[in-house]
Structures are given as structure tokens and as C-alpha cells.
Amino acid sequence: MPRGNPSPKLAITVDPAVHEQVLAAAASEGVSVSAWMTTAARRALRVRDGLRAVAEWETEHGAFSEAELADARRRVADEYESVTPPRSQ
């Protein structure tokens, strides 16, 4: 990180069980807790933005059909599998 642009710090409190899981997940992925939490936050924000976009689209065009939802679920699952690194043992 460049000296002139330090990352802001964020103090959070989490449930003890979540804390242990975050530590274990970060360790298993070989990243710092900060990096793991940043990735998790980015993912959550992307999901939130996507849900908002879907709601806006449905307001304008109507609800998605079951077939459209099934296709979307397949596409998301395929995308997830293509970008998820294999877990190391």
C-alpha cells in the first residue's frame, strides 16, 4: 500500500463462533484476516447491489419466471465453480 494512501482501519465486534471461523477461513486460504474480511465485505456489497438491481428491473418489467430464475441459478453456480479455487488439504 502506498504511504500516501493508507487503508482505513475498522474496529468490529463479532460473535465468538464467527471470530473462530473467520480466523480459520483466513488461515486456510493463506491470507490475513483483513484481506479475508475485505473480500467478504466486497462480496456482500456485490450481492446487495445485485439484489437491488433485480428489484428495480422487476418493478419495471415484472417478476422473473421460474424458468428464468432456474437459468440464473445455474449460471451463478457455473460462475462460482469457475472462480472458486480448490481447497487445499
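**Close-up 1. Arg52 and Asp49 in helix α2.** Arg52 and Asp49 are both in helix α2 (residues 33-61), three residues apart, about one turn of the helix; helices are DSSP runs of H or I with at least four residues, numbered from the N terminus. This is a predicted model, in which local features need pLDDT of at least 70 and side-chain atom pairs count only at pLDDT 80 or more, while totals for chains, interfaces and linings use all residues. Residues are numbered from 1 along each chain as its sequence is written, and side-chain values use heavy atoms, without hydrogens and water. A salt bridge (side-chain nitrogen of Lys or Arg within 4 Å of a carboxyl oxygen of Asp or Glu) joins Arg52 to Asp49, with the closest N and O atoms 3.4 Å apart.

**Close-up 2. The network of Arg48, Asp49 and Arg52.** Salt bridges link Arg48, Asp49 and Arg52 in a network. The Arg48 and Asp49 side chains meet at 4.0 Å, N to O. Arg48 counts as partly exposed because its relative accessibility is 45%; partly exposed lies between buried (under 20% relative accessible area) and exposed (over 50%), with a 1.4 Å probe and protein chains only. Asp49, with a relative accessible area of 40%, is also partly exposed, and Arg52 is partly exposed at 43% relative accessibility.

**Close-up 3. Arg74 and Asp71 in helix α3.** The salt bridge between Arg74 and Asp71 has its closest N and O atoms 3.7 Å apart. About one helical turn separates Arg74 and Asp71, because they are three residues apart in helix α3 (residues 66-83). Asp71 is partly exposed, at 32% relative accessibility. The whole structure contains three salt bridges.

Note on methods: Helices (H or I, at least four residues) and strands (E, at least two) are DSSP runs, numbered from the N terminus.
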